[in-house]
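Hello! Here are a few notes to read alongside the model; please keep the viewer open as you go.

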Amino acid sequence: MSTQTSGADAIRPARALDTASEARLVWLRFGRHKLAVLGLAIVALLYLMAIFAEMAAPFDPDHSNARLVFHPPQAIHLIDHDDDGWHLRPTVIPYRLARDKVTLAATYVQDGEHHTRLRFFVHGDPYRLWTLIPMDIHLIGPAEPGQTMFLFGADRQGRDVLSRIIYGARASLSIGLLGVANSLLLGIVFGGLSGYFGGRVDWFVQRTIEFIISLPTIPIWLALAAALPKDMSPLVKYFCITVIISLIGWTELARVVRGRFLALRSESFVTAAMLDGCSRRRIIFRHMLPALTSHIIASVTLAIPAMILAETALSFLGVGLQPPAISWGALLKEAQNVESIAAAPWLLLPGAAVALTVLALNFLGDGLRDAADPHGH
Amino acid sequence: MGRFIARRLMGMVPFILLVSITVFLLIKLAPGDFASNYAASLAASGETVDDSMLADMRQRYGLDQPLIVQYWDWMRGVLQGDFGYSFQWQQPVVSLIGERIGLTLVLSVSTLLFTWAVALPIGVYSAVRRYSVGAYLVTLIGFVGLAIPGFLMALILMFVGVSVFHTDVGGLFSAPYANAPWSWARVVDLAQHMWVPMVILGTSGAASLIRIMRANLLDQLNQPYVDTARAKGLSEFTLLVRYPIRVALNPFVSTLGFILPQLVSGSVIISIVLNLPTAGPLLLQALLGQDQYLAGAFLLLLCSLTVLGTLISDILLALLDPRIRYQ
Amino acid sequence: MDTDQHDTPPVLEVRGLSTHFLLRAMTLKAVDDVSFTLHPGRILCIVGESGSGKSITARSLLQIVSPPGRIVAGQVLYRATPDAAPVDIAQLPARGPAMRALRGHDIAMVFQEPMTSLSPIHKIGWQIAEGLVAHGMMTRKQALARAVDLLRQVEIPNPEQAAEKFPFEFSGGMRQRAMIAMALACNPRVLIADEPTTALDVTTQAEILRLIRRLQVEQGLAVLFITHDMGVVAQIADDVLVMYHGRVVEAAPVSDLFANPRHSYTIRLLEAAQKLGMAAPPARAAVQPGPRLLEVRDVMLTYPAQGSLFRKTVQPAPTLQGISFDLHEGENLGIVGESGSGKTTLGNCIIRVLQPSAGSIRYTRRDGTVEDLAALDRDALRAARREIRMIVQDPFASLNPRMTVEQCIGEPLLVNGILQGQALRDRVAQLLTMVGLPGDIGSRYPHAFSGGQRQRIVIARALALDPRLIIADEATSALDVTLRGQILDLLLELQPRLGLSFLFISHDLGVIRYFCNRVAVMHRGRIVEIGPTEQICTAPREAYTQRLLAAVPEATPQRRTLVSV
């Protein structure tokens, strides 16, 4: 047999990392970003919450009560005491409406006598999970049916803001995903066309992208959304808004896909695959796409926040999703003027949900990008 | 350089043409037109609608013409400075948009300068002292700035203004100056009011610019030419300013191309929340009421503004970077 | 080193210098207890392979090691004049004014990559003048005038205009001249040159070496010259320091070192260099020509003129202007040329990564049929590529990082439907042992291997389909010289067993001389001369070939053909 590699170039004994696939290495690098892991956890929880919104929400989001208008938020107390002594159990202190004897204005005052006991997995408002399975279990709620609990307060019609935020997550978060899926599709189609045909097609697609990027998005979105017929059903409107948002959002993804694709095409391992006799399909799917996926996942993650913010903005301005549909933007519309914010600042809480989601997604996306491309930018 | 600018200006022409076509299609996209909208609102208030009157109306405003003719008429007017007639306000569009577009421009450009002024030093700082507490703090604030939508920040500021300071932070002028003619005092009044929308509008842009500046500079700091400069005996500060920061400035300047559209875009929504006398509130109304020429004028001017921003950023970049100039 | 022979005291004296990189998990001893002296009027070469710590040593002298690297021990004593008290540079604060005052003024440095080492957006003249202004030696105007003078000294034509240009308007050699002018601006006493010619073509390298030698003699400079190339050492050094894994393993005057190397690593390095050198005993002989394998006739590759109103001009690949040659079975044909000569383009045309715009490439298949590669359709090409394989330069880029070694090597067998399952695995193991690697490493990923090992994996992949012709494009250029010889020997050993022929593309005449029976010299898209290796190397006919040969740095200090003093 031939010369074994000698001296300094000896094969070192196998180590665990030697047989670690690229995906595993990316995952290991990702794990080192503490903030990114935290982001992943938050995002996962939020999406779980959106999927099981009916169960996660303590009440029916449309359950209104004229006597509970602008009910203030209640804090959960973990320690409760009654005649039997002290207990470790979650409670809230109920409020009741009282009229000021002089001004006759109604205000909420705490009623410290009878604490409302809370319990996990309680029976409450009935619902159909995913409009299919009839159920009435809620993750958390007052132990006795009929009692109230407003962790995030109540809105103008006495509806539970927390439940509405949880239901709103469904529209807002899914619009983010759908919008990004649309954008990705458009991005891959146009970025792919651009990279595949090159020449004039590439030129045309590139100029189109430059053109779209140079336009201010919100006025265009407004114009497109305002052009939707007023009598559209909420579901159709939902899809239209998704399409409108992604019409503009695809450009960034197309740029990333094209740029990466072109860079990859000139990699010598791709040429080597061609010379090995791989078919065009195998080169793309076996050799190029795996190298692209981590970048695409990172870009997609970083694109979702923009989509969520866009939906929120449109709905907030009254041209996106409209009541009775519930989304974070539509909820924030309630807080559009100073008077209502001054009266019930908790109406801004859907905004906190938006900020938390966007923040978590940004952490996650940044971590993914760094993990996918440890040497790049 | 002159040839470069001339070439870029030539390149702008099809872009602006494309902008005008896009805008025209946008305002024509909605089903129905102003006449049918008008009819609907009349019907809603219980009045009977006369078909022949609607036909008259369509004829008067040229709404019965083929699209291409309508576009041509509109463009011909625009080129002569006539943006058409607002149905809602029963006034020529020009008299409605003048000051609002001007104020939008002032707000956007001053926010842009504010953004740069903030982002440049902070970006440099967080790259040069990348492991300091300050840099981590900046990164964190940057993330939060990106995560909070502008209108939400406007709402929060309004809430704080009302509940803590008992003032209204909205608007661009105090009451006495709102409709006054331009004077020095009015400019001062404007400056006193403008910082609130400027900060709100600039935050997310500044956050992303800080990140861009930081990334660029980190790239440049490891370049061999920095070692060359150091080996020449330059002081750390001099070489930092003269080389890596100078080079990192190029991509920074080219962000103008997308920051300006973002700012114009953001100003629309913030001005609606804060009730500013800029393009935003009127544009929204016009769009909802299908006041097509008013909406069209706003859209056309805003889009042209940002396309122009791209042009300016290209020219600035060519001034800064000989490699582009010589291509 | 023996210092008694010098009558002047050393300008720089390094004692026990250690520069370490404090990493998270470990401390990397990049420079470990290094000592040497540097005398005015002499050139000291530090030679070593990649990772030997030679560049870090040079950077330590100016305290410009990038973090987390740090000088942890030792002295760097510098004497500004022969009588002055020495200053210990290692004790100066790296960012302080005392250190700054020395940089560029007393000790100047020339870096490896002339493109990236010059600022892309400042004019050449100003970059040269800047040091003079920074050290307060001149006003801006005087400094700019001196910059023009300096450009003239480093033999740049039209120095007045050159000073007004930007680095991207210069060629590689011109940039390196500008770098040298910059280093010499303040009349330093010590010049550190860190691989100043590695990125350059061999003829340009010869010019730069000559320039450095001339300036060194004229100005009585002490030069510290870092290189990995024993040929360059032999041509330019007065004294030599051999580094290996951060330590000095041997130090001697150049003639002693070459005549009488003591350390085993030095011996290995010299053997490898001389094996691939031009002075080694006879070049590979011509073989008895077998049947004709490849008949290349009038291959052209031209690109249409690019650049219109909307399109940026792209730098086209070098064109080919009528290439013709034959390759016979069992023969190794070398294609040698400098960057931009079109040699890589030619290889790519033959295997049809690029489509030649004219000409024929007639290939005789195993079954005797002859086909024109230039005109094959995709399916026929696929079949042809089973017999013609390619090995490219960069062993890091040419293996898919997402596939195991087994998958990489097995890919051609799998996609051509030859083997699968256990049979495939067995064949891969067999191929691995064939190229000198253990057969059981198939489940590891490429990132677990060194450059030389990866190139062996690439070779195994090329051999998997039992090819007849291998196009090797700079296949050994990315490797250290000791590994280079091993890989060439591996290929030579496999050749008769597997019935291989090679088209071996390289810029390195020594490697070509060692490996090839015949050589074609390429210049500006044409073959200027083709013939048996021995004849080309000893009696070249064409002026360009003569120039090329004359520029090769020979690893024999007795024959300084490049630099005469």
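1. Buried means under 20% relative accessible area, exposed over 50%, and partly exposed in between (1.4 Å probe, protein chains only). B:Asp227 is buried, at a relative accessible area of 13%. This aspartate sits in helix α9 (residues 224–231) of chain B; helices are DSSP runs of H or I, at least four residues, numbered from the N terminus. Residues up to four places away in sequence aside, B:Asp227 touches C:Arg59, C:Ile64 and C:Phe111, where contact means heavy atoms within 4.5 Å.

2. A word on conventions: this is a predicted model, with local features needing pLDDT of at least 70 and side-chain atom pairs pLDDT 80 or more, while totals for chains, interfaces and linings use all residues. Residues are numbered from 1 along each chain as written, chains are lettered from A and ligands numbered from 1 in the order written, and side-chain values use heavy atoms, without hydrogens and water.

3. After the helix comes A:Gly318, with a positive phi near 90°.

4. In the largest nonpolar core, of 182 residues, A:Leu222, B:Trp74 and B:Leu274 touch the most other members. Such a core joins buried Ala, Val, Leu, Ile, Met, Phe, Trp, Tyr and Cys residues through side-chain atoms within 4.5 Å. α9(A) gives the most to this core, with 17 residues.

Note on methods. Helix = DSSP H or I, 4+ residues; strand = E, 2+ residues; numbered from the N terminus.
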